[in-house]
Amino acid sequence: MLELNTLWFILVAVLFIGFFFLEGFDFGVGMSTQLLAKNDLERRILINSIGPFWDANEVWLITAGGAMFAAFPHWYATMFSGFYTPLVVVLLALIVRATGFELRAKDNHPAWKKAWDICIFLGSLLPPLLFGVVFACFMQGLPIDKNMELNAGFFDIVNYYTLTGGLTVLVLCLVHGLVFTTLRTVGDLQDRARNMAQKLLPLLGVLLTLFSALTYIKTDIFKERGLILSFIFSLGVIAFVVGGFFISRKMDSWAFGMTGSVIAFSFISIFIGLFPRVMVSSISDTFSLTIHNAASGHYSLKVMTIVALTLLPFVLGYQVWSYYVFRKRITEKSHLEY
Amino acid sequence: MDMVFLSRLQFAATTIFHFFFVPISIGLVFIIAIMESFYVKTGNEEYKKMAKFWGKLFLINFVIGIVTGILQEFQFGMNWSNYSRFVGDVFGAPLAVEALLAFFMESTFIGLWIFGWDRLSKKVHLLCIWLTALGTTISAFWILAANSFMQHPVGFELNNGRAEMNDFFALITNGQVLVEFPHTVFAAFATGAFLVTGISAYKILRKQEIDFFKKSFQIGITVALISTFLVLVAGHAQAQYLVETQPMKMAASEGLWETSEDPAPWTVVANIDVEKKENSAEVKIPYLLSILSYNTLDGSVKGMNELQAEYVQQYGEGDYIPPVKTTFWSFRIMVAAGVAMILLAIYGVYLGWKKKLVSKPNKWFYRMMVAGISLPIIANTSGWIMTEIGRQPWTVFGLMTTEDSISPSVSAGQVLFSIISFCTIYTILGVIMVYLFVKVIKKGPYMMEKEDTKINNDPFAKEGFHA
């Protein structure tokens, strides 16, 4: 039978993957408000296209954090204290981004809108970049000592490897968001989103390849799980290529499925590569955090399993329903709340 | 600078700020749900307008509650990693359930509510606001269950130096949460209600949309009276629970150095000298502390000196007396604000009942209602200050001290950076929120609706591009 520690590792992974899949396109759309939109109306259409969803999508992150706290307190404690400053920046970014969505249209003053536009852009750009850095750090290994304390220097966290990871996640989210835009808009905006996604594909391909190659050289995860990772890597490549094909053929919903798959395969690879570790120590293998030494007691895991498996179907159910209710595309004529 | 001090300062700042918005959200969404229920039941468009108008204010407030809430969850790990390691097993579970059960619910259904006016049937749309309201209240339960563990740890055993959960049911039926939850949630309802009545009073004073705001006032004042009364009942139960489980906090909130006489009098005000451990200029009401603590006319309450000696025996050398003045005065501020709320609510309901809300000018009363918006906010804040400061030096009562709870790997410089950033952004958000509230209130429900339709019907008009 599946061990509870493993199950919770999978659940935390699922929550993070769900977060990057869903909030990933929100981040992408947030960046597009500057990179794609030409005027205020287009900006509003973009923001409204994620209007009913971004809040719930962000809850995936909060739930992932809560699940880590409950199931792997040491992972939660080491990660959140060890990445203190990057997380402060992520929090600031998420704060100004969400308030930007909600408050941008509440006043007509140009400076007001300009300020919120900057907030929305930076708030959508920094979190995927920094989360990419953090996840690269998980694999690269960080100076975690025997008390599970992480005292990382600046260059432990910020170096060419982790930055490549950050940029990869950033561009991945941007492309994912642009493809999402092709699903939710019409006309010129839709065409431009598709074109931009297509133009970004080569860059994304280079980044993904580069990051995979660096991961192969710099970390042990391919040595640990070479076979299965090669398999998932191949699936990722297929999804990427097929996704490119769908974009060029304007088969937008299929393309969206593919960019989503690339995100999912990327993060699945990271989690499989780590398993059964959750954070790698660069000081000694014995100091790495694992699903066993970082975990809560058996009773806690059992209770939480029952709770999670009972609630998840409902959560997924009404989230899917919400996407169904708002399946119509946003046009200039739609009611623009934001 | 001292890490413990800085970490506490940040926790206090972020939590107090967060809790300005949370009770408003919980209370306001409940009142909006009531208004929309009237709309669905009677078909009267005015109630729909009400739900939309108050909904506008709710959404501004809600988003700030959300963004400051993410920080709440992160900061346990960021600033209190030793604490997180020690209690994650017990404390993490309610937080995870809160996210899974409540946050998903409120965030999804508020999205459906905002954007669903034209896409959902009336009844389904109404259901969405009730589910949002339910989500916010459920959220309160789980976070308070977690907090209650810190006040009165139950349902755990100590294993390898960590508190591990061994009874989930005990955790969520903790006597503490059973009194803390109703006290806090009814306080939140009261907060929303006083906001609605205060704003309505302002508009009635300015003679704007009187009918609309009279109706809003009626609904608000009814909720205000019922919930303030229930806050009082739950608060009384909470005080009695406090005597049993955290007598030191009780003694500190009474400024009681020596064990009281029997029957115990209640000290209204006192000049407390913490150095000498004595009070002067005390004003006392006989019997009242016995009644508050035990519901009887007799019984003495233990003083801090006796408790300190007991705790030294039990937990070893140390100072177990919390900051007495803060605990004492925050409690009194809370009670005073609460009493004022009850009096205002009783008079308001009386006026409504006599149908004198508008017919006779009650200017002084309406002015007080406007100022009354601040009363529940003051009471909420001082109540939490009393609860959390009064628990010191512990984070988890009897198990872990605040000093031992901090993150060893975080430097004072980092915390200073985050305090400055968070406080700056909070100040900006606070100002913006007040600005927008005033703007929406000044505009009123009718102007607002006109603008919305204009934008909708004519997107290519100038306003369409710039709105």
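This is a predicted model: local features need pLDDT of at least 70, side-chain atom pairs count only at pLDDT 80 or more; totals for chains, interfaces and linings use all residues.
## Chain A: overall form

Chain A contains 12 helices and two strands. Read from the N terminus, its elements follow the order α-α-α-α-α-α-α-α-α-α-α-β-β-α. The C-alpha trace of chain A extends over about 60 × 40 × 35 Å along its principal axes.

The radius of gyration of chain A is 20 Å, in agreement with the value near 20 Å that a compact globule of 338 residues would have. Of these 338 residues, 57% count as buried. Among contacts in chain A with a separation of 6 or more, 79% involve residues 24 or more positions apart.

## Chain B: overall form

Chain B comprises 15 helices and six strands. Its C-alpha atoms fill a box of roughly 75 × 50 × 40 Å along the principal axes. For 467 residues, a compact globule would have a radius of gyration near 23 Å, and the 24 Å of chain B agrees with this.

Buried residues account for 51% of the 467 residues in chain B. Of the contacts in chain B between residues at least 6 apart in sequence, 77% connect residues at least 24 apart.

## Contact between the chains

The contact draws 61 residues from chain A and 62 residues from chain B. On the side of chain A that touches chain B, at least two residues each come from helix H2 (40-49), helix H3 (54-71), helix H4 (73-82), helix H5 (84-103) and helix H12 (298-325). By class, this side of chain A has 35 nonpolar, 18 polar and eight charged residues.

## Helix H12 of chain A

H12(A) has 28 residues, and the distance from its first C-alpha to its last is 40 Å, close to the 40 Å expected at 1.5 Å a residue. The helix bends by about 30° at Leu311(A), and the proline Pro313(A) follows within four residues.

The buried residues in H12(A) are Ser300(A), Leu301(A), Val303(A), Met304(A), Ala308(A), Val315(A), Gln319(A) and Ser322(A). In an α-helix there are 3.6 residues a turn, so residues three or four places apart point the same way. Within chain A, the buried residues of H12(A) pack against helix H1 (4-35) and H3. In chain B, the buried residues of H12(A) pack against helix H3 (81-115), strand S2 (162-165) and helix H5 (168-172).

## Thr164 in helix H8 of chain A

Thr164(A) is part of helix H8 (residues 160-184) of chain A. This residue counts as buried because it has 22 C-beta neighbours inside 10 Å, the cut-off being 20 or more.

Leaving aside residues up to four places away in sequence, Thr164(A) touches Leu207(A), Leu210(A), Phe211(A) and Leu214(A). One of these, Leu207(A), is 43 residues from Thr164(A) in sequence, while the C-alpha atoms of the pair are 7.1 Å apart.

## The S3–S4 hairpin of chain B

Strands S3(B) and S4(B) pair in the antiparallel sense over six bridges. Trp266(B) has Ile285(B), in S4(B), as its bridge partner. The hairpin has four residues between the strands, and Lys277(B) in this hairpin takes a positive phi near 55°.

## Backbone exceptions

Most residues other than glycine have a negative phi, and most peptide bonds are trans. Met148(A), which is not glycine, has a positive phi near 65°. Met148(A) lies in the loop between helix H6 (110-140) and helix H7 (154-157) of chain A, and is buried, with 22 other C-beta atoms within 10 Å. Tyr287(B), likewise not a glycine, has a positive phi of about 70°. Tyr287(B) is placed in the loop between strand S4 (278-285) and helix H9 (288-294) of chain B. It counts as partly exposed because it has 15 C-beta neighbours inside 10 Å.

Phe275(A) and Pro276(A) are joined by a cis peptide bond with omega about 5°. Pro276(A) belongs to the loop between helix H11 (252-274) and strand S1 (277-279) of chain A. In chain B, the peptide bond from Asp262(B) to Pro263(B) is cis, and its omega is near 0°. Pro263(B) is located in the loop between helix H8 (247-254) and strand S3 (266-273) of chain B.

Note on methods: Residues are numbered from 1 along each chain as its sequence is written. Chains are lettered from A and ligands numbered from 1 in the order in which they are written. A residue is buried if 20 or more other C-beta atoms lie within 10 Å of its own, exposed if 12 or fewer, and partly exposed in between; C-beta atoms are placed from the backbone. The radius of gyration is taken over C-alpha atoms; the globule rule is 2.2 Å times the number of residues to the power 0.38. Two residues are in contact if their C-beta atoms, placed from the backbone, lie within 7 Å. Ala, Val, Leu, Ile, Met, Phe, Trp, Tyr, Cys and Pro count as nonpolar, Asp, Glu, Lys and Arg as charged, and the others, Gly among them, as polar. The expected span of a helix is 1.5 Å times one less than its number of residues. The bend at a residue is the angle between axes fitted to the seven residues ending there and the seven starting there. Two strands pair if DSSP finds at least two bridges between them.
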